[in-house]
Amino acid sequence: MDNFVSIGNDLFYVGANDRRIPLFESAYPVPRGVSYNSYLLLDEKTVLFDTVDRAVSEQFFENVERALGGRTLDYLVIHHMEPDHSASFGGIVKRYPKVKIVLNQKTAVMLNNFFGCPLPEIVTVKEGDELDTGKHKFRFVFAPMVHWPEVMLSFDVTTGTLFSADAFGTFGALDGSVFADEVNFEREFLDDARRYYFNIVGKYGAQVQSVLKKAAGLPIKTVCPLHGPIWRKGFDWYLKHYDVWSRYEPEEKGVAVFYASVYGNTANAAQILASALAGKGVNRIKTYDVSYTDLSYCLAEAFRYSHCVFAAPTYNNGVFTSMERLLNDLAAHNYQNRAFALIENGSWAPQANKIMREKLTALKNMREIGGGVTLLSALKEKTKDELFSLADEIATDIKN
């Protein structure tokens, strides 16, 4: 049965939720599922903005058919070719063979690569081109590498609605309402939005900044992303987060402590440091076992806080594998502008601090606090004192 939602006088939400998906893009856990958003305009010409993932395509097709109410589909606008938004393209074309496909040149190449079949009539647009559908006029804004090279946005000049592709999206299925102002977004979605941003878009901060500058010149009233709630109130609050995130600035003053531990001794040191930081008045501390916590969460938290601690054993004359994966992931996502401290463990030839330091100082504007703490197998009183001294240095740095 259809389940579409009116979100304007002639604009409808025709997307659907997937709460059974374990991993988004086969990489990121989504315990709260994900929404695949699509929008249908019933103007003098009908316009569908993007399709959905194959997993929810049957619901989507029902929504589109019922919302059209017997009308034909005139245009399909493709903002982003990633299959979670384009996989149902073939089904739409089969149902509405006279539909015109609105896309840019890069999208046209990808469309052929994905589907490799005769296509309906193509309307190729360039940056700044407009599409007149009757009462509405849409201007196209290109957003390359946010987060694929073909991405573009559509701005409805008539209503101030921005169709933002993957920008401003989030993990998490929609629990009834499709609007951000009808849920507690900060409590229910912000952590997922941060994790979505840094894992999927975060590498491309400069490109996001470029899009934000373009958006600043538009009289935006509503934002319709391809994942997560629609923004019609309070968008400036969310926009500020995107600005901070894409400039790689810390969102909060605090400490994220990441540790890998084989037999518990490194974990013991990390927890003692975290407790010492709390005793020094640091009130934003998060501690993660990187062998247990999925790296997508660790990555988002590393970008969230101003200071990070990395604690790991030496392993095969290198860094323990789960910590090495985290450090490599941070580098791949342009981690920068943070202060860090190091803790290593080694029973005979500690090497972890040296290797972690090399990886972190190779990144942009990274600053080490302390010279690194070394455990020889297990914690001793002397090493515990060094951890308290390190906590004092970190706390002082945060306050200053």
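This is a predicted model: local features need pLDDT of at least 70, side-chain atom pairs count only at pLDDT 80 or more; totals for chains, interfaces and linings use all residues.
Residues are numbered from 1 along each chain as its sequence is written, and side-chain values use heavy atoms, leaving out hydrogens and water.

H13 covers residues 381-399; helices here are DSSP runs (H or I, at least four residues), strands likewise (E, at least two), numbered from the N terminus. With 19 residues, H13 reaches 27 Å from first C-alpha to last, close to the 27 Å expected at 1.5 Å a residue (1.5 Å times one less than the number of residues).

What about the buried side? Thr383, Leu387, Leu390, Ala391, Ile394, Ala395 and Ile398 are the buried residues of H13. Seen down the helix axis, they fall within an arc of 135°, so they line one face (the arc uses directions from the axis to the C-beta atoms). An α-helix has 3.6 residues a turn, so residues three or four places apart point the same way. The buried residues pack against E17, H9, E19 (305-315), E21 (339-345) and E23 (373-375), contact meaning heavy atoms within 4.5 Å.

Two of those partners turn up again elsewhere. Strand E17 (residues 252-259) runs parallel to E18 (residues 285-289), joined by five bridges (strands pair if DSSP finds at least two bridges). Phe258 has Tyr288 of E18 as its bridge partner.

Key: Buried means under 20% relative accessible area, exposed over 50%, partly exposed in between (1.4 Å probe, protein chains only).
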